[in-house]
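These notes are meant for a colleague who is opening this model without having seen it before. Please read them with the sequence and the structure side by side.

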Amino acid sequence: YLVLIQLFLGNSCRFIAKPCAINLGIQDSGPHRAQPNAILEKVFTSITKSPDGKRLEGLSKQLDWDVRKIQRWFRHRRNQDKPTTLTKFCESMWRFTFYFSIFFYGIRFLWTAPWFWDTRQCWYNYPFQPLTSRLYYYYILELAFYWSLMFSQFTDIKRKDFLIMFVHHLATIGLITFSYMNNMVRVGTLVLCLHDASDFLLEAAKLANYAKYQRLCDAFFMLFGVVFIVTRLGIYPFWILNTTLFESWELIGPYPSWWLFNGLLVTLQVLHVIWSYLIIRTASKALVRGKVSKDDRSDVESSSEEEDVTSNSTKGIFSTSSNGSNRLNGHVAAGQWTGE
């Protein structure tokens, strides 16, 4: 299933996302390229990509360049290896397609499931509960997708929120695998569907930003923030954690793996609180400035302080300098946007 998902992603980027991006006027052009310089290139490739003050002074004397010019060169050089807007648009489109499809598949499946309306049904006759084919495919597809995110995280641009997302992916994969092995798939489907509820809105906001539809981007972002906070800080603890911590204890007792299972679920809740705080802080800045602020965890650095100020005042959170990969699977980091 992992191989199938990777093939689907590759073909969707090639035959669907790329033509859509071109029709929207998104060009396959990257950041400003650094001026060719053999000495600086050697330092960049062999010694350091971010020279300290002492090395900058030495290079300034050697090249007879101003220190600020050398700093700008290194920023440009780091940026030119980053993915283009077209690449990021394609990545966000396949993520949007998956999140949107799997969420509505989950809703359609769970709508007729008794445990969707009464969470105590998750524990009746446990562990002797049937595993239907629809439930099996739902689980396997989700697991394969999160494994693909785990692998791609090491090949994507490393973000400030790399550790948080790594913990998130580990906890998610651990929960999916653990719940499947212990036949806790009923409550597992509730957790999966709840987490998918907001992720496709985040990717939709990124797509709107890459296409330079700023108002639509901000609208999707605000909607994402509301849905994320309601589901992760409201429904998740009072619906999911309530049944796994209290109803399960009451109906089947503290089974041997109870502590590990709930420990992983509580770990996710801690991450939810962190991300919700960052989303709220970003939204607060948006209200002050009139639009969502620039992505502080961007993979492309501004080439000067003046560029930073301009970028913060004119671009949205998903500016063309931000990478759609993170995410959360693409959520928030450093007070801005991380699934995602």
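1. The lining of the largest cavity is made up of 10 nonpolar, 5 polar and no charged residues, where Ala, Val, Leu, Ile, Met, Phe, Trp, Tyr, Cys and Pro count as nonpolar, Asp, Glu, Lys and Arg as charged, and the others, Gly among them, as polar. This is a predicted model, in which local features need pLDDT of at least 70 and side-chain atom pairs count only at pLDDT 80 or more, while totals for chains, interfaces and linings use all residues. Residues are numbered from 1 along each chain as its sequence is written, and side-chain values use heavy atoms, with hydrogens and water left out.

2. Among the 15 residues that line this cavity, Thr172, Leu175, Ile176, Val191 and Leu192 lie nearest its centre. Two or more lining residues come from each of α7 (133-153), α8 (162-181), α9 (185-210) and α11 (258-289); helices here are DSSP runs of H or I with at least four residues, numbered from the N terminus. A cavity is a set of points, on a 1 Å grid over the protein atoms alone, where a 1.4 Å probe fits but cannot get out, and lining residues have an atom within 4 Å of a point.

3. The axes of α9 and α10 (residues 214-252) come within 8 Å and cross at roughly 170°, the axes being lines fitted to C-alpha atoms over the stretch in contact, with angles from 0 to 180 degrees between N-to-C directions. α9 is therefore roughly antiparallel to α10, a term used for angles over 145 degrees. The residues of their contact comprise 22 nonpolar, 7 polar and 2 charged.

4. For α5 (residues 85-111) and α7, the axes come within 11 Å and cross at roughly 155°, so these two helices are also roughly antiparallel to each other.

5. Two backbone details deserve a careful look. Most residues other than glycine have a negative phi, and most peptide bonds are trans. Tyr126 and Pro127 are joined by a cis peptide bond with omega of about 5°, and Pro127 lies in the loop between α6 (114-117) and α7. Asp64, a residue other than glycine, has a positive phi near 60° and sits in the loop between α3 (53-63) and α4 (67-79).

Technical notes. On a 1 Å grid over the protein atoms alone, a cavity is a set of points where a 1.4 Å probe fits but cannot get out, and a pocket is an open set with protein on both sides within 12 Å along at least five of seven lines; lining residues have an atom within 4 Å of a point. Angles under 35 degrees count as roughly parallel, over 145 as roughly antiparallel, 65 to 115 as roughly perpendicular and the rest as oblique.
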